[in-house]
Amino acid sequence: MNQKTLITLLIAGMSLATAWAIRGQFGHEQGAAWAGGIGGLSIVLLSGRKDWYQKAFQLTLASAAGWGVGGIISYGQVVGYGRGTDFGNVYYGLTMLFIIGSLFGLLGGGLFGLVLADKPEKPVKWHQLIVEMAVGAMIFYHILIDLLGWLMTPPRSEAWAACFGMTVAMFWYMIRNKQYSAMRVAVFAGLGGGFGFAFGNFLQVLGNVSGIKFNFWNVMEYSIGFFGAIGMAYGTFTSPWEKSAETIVRNRLIAPIIILTLIIPFIVWDQSFGTERILKTIEEISPGADALTITRYVQWVALLIIMIFCAGTFYKFYFSKKVKELTLDFESLKLFFLFNLGFYTIYSLLITCAFMSLYRVEQYLYIINLIAIAFLLKKQDMDFSNRGINVSRWAINLLFILAIIALFTAVAVSSHGEISMSRVRFE
């Protein structure tokens, strides 16, 4: 853990943290997928491995899929439990947030790690894995929710059980196929994401009690991404990976580019940039403005960004290359990464109408984060190590985190009385 490693982990953490905080304006699977892809690509760039650059779009897509699927989980009620006044309910709330955050990281880190490990000599059987994960989701949801009635967030959706089933199926596949490096990435991404969610809600409670006018919900979201990405990067850089090809067939870029630059952003646009939502925001912050005209401009600018992003990426990585196999390099991928995070930042500024008012200070912190990441992100040769599989140490880490969460709980319940949006799970 030298200075270079710590800075590398910091950059990875800031990348997913910024994107995940932005995701707060959009939510759901599509917002989480866009953010998750950004986090995965940051790790690829920080690795300094030319062979990983060739799989950069596939790795970005895998990270987007894993972190994105966790977006089906409802956690609003659970956050409310963490705002309570008795130790039992608050500890339950923070622990359940740890589980939810862990599922985000386990799936995101696991799929990312499997793409890293995928090679012709030992291919990942993706069709088999997807079927097993789908079946696992149905089986565990039926057992945990329908039969046992283990409800985490009543009366909200209990989709966490489906994600848990996917995770179990994915780990069973990894164990059978001896994909231990991918398993290590998943475990540390899970520990990081889980800790980040619980710690983030703790910070949110203290922030709200402080009386400072700030979006402390966004602080919680930043914390999830920050610690989740640090765990994912640490698991990646402390695992052994065999060298893969340093070229890629050009046609293999088509599907991931379409999904990453067109499909995911378009779903975000379609689900978020509704006329009613934008009109309401404009009328609240600028009552005398021509809200309808501004709304139309916001919607069209957001849609135009998608077209520019998709067309520019295709030109840069596909149409400008006239060879069957090509080599992707650090500088071109860094440019794609910065545009990807930059466009997501612009989307946040547009949907909140922060370009019209300073009422959302956190929106401008995204820009500062983006500038800092661009400055710090440089080509380097990462020092990899092999820490291996140590289940007993992982268990100790888990117990340590649960003990820390208990400490957070004790501090939180002693810091306030009844506050808004608190929920009670157990009377």
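This is a predicted model: local features need pLDDT of at least 70, side-chain atom pairs count only at pLDDT 80 or more; totals for chains, interfaces and linings use all residues.
Leucine 328 is buried, with a relative accessible area of 3%. Leucine 328 sits in the loop that runs between β2 (325-326) and α14 (330-351). If we set aside its neighbours within four places in sequence, leucine 328 is in contact with Tyr53, Gln54, Phe57, Ile248, Leu253, Phe317 and Leu333. Tyrosine 347 lies 19 residues from leucine 328 along the chain, and the C-alpha atoms of the two are separated by 27 Å.

My second residue is threonine 60, which belongs to helix α4 (residues 56-69). Is threonine 60 buried or exposed? Its relative accessible area is 1%, so threonine 60 counts as buried, the limit being under 20%. The side chain of threonine 60 reaches the backbone oxygen of alanine 56 at 2.7 Å. Apart from neighbours within four places in sequence, the contacts of threonine 60 are with Gly37, Leu41 and Leu260.

Let me now turn to the chain as a whole. Its secondary structure comes to 16 helices and two strands. For 427 residues, a compact globule would have a radius of gyration near 22 Å, and the chain, at 21 Å, agrees with that. Along the principal axes, the C-alpha atoms fill a box of roughly 65 × 60 × 45 Å. Of the 427 residues, 55% count as buried. Among contacts between residues at least 6 apart in sequence, 82% join residues at least 24 apart.

Finally, the surface and the charges. The accessible surface comes to about 18,200 Å², and 67% of it belongs to carbon and sulfur atoms. The chain carries 32 positive and 24 negative side chains, with the centres of the two sets 8 Å apart.

Technical notes: Residues are numbered from 1 along each chain as its sequence is written. Side-chain values use heavy atoms; hydrogens and water are left out. Helices (H or I, at least four residues) and strands (E, at least two) are DSSP runs, numbered from the N terminus. Buried means under 20% relative accessible area, exposed over 50%, partly exposed in between (1.4 Å probe, protein chains only). A polar contact is a pair of N or O atoms within 3.5 Å; within protein, one must be able to donate a hydrogen and the other to accept it, and residues adjacent in sequence count only if both atoms are side-chain atoms. Contact means heavy atoms within 4.5 Å. The radius of gyration is taken over C-alpha atoms; the globule rule is 2.2 Å times the number of residues to the power 0.38. Accessible areas come from the Shrake-Rupley method with a 1.4 Å probe; for residues, only the protein chains shown count as cover. Lys and Arg count as positive and Asp and Glu as negative; His and the chain ends are not counted. The place of a charge is taken as NZ of Lys, CZ of Arg, CG of Asp or CD of Glu.
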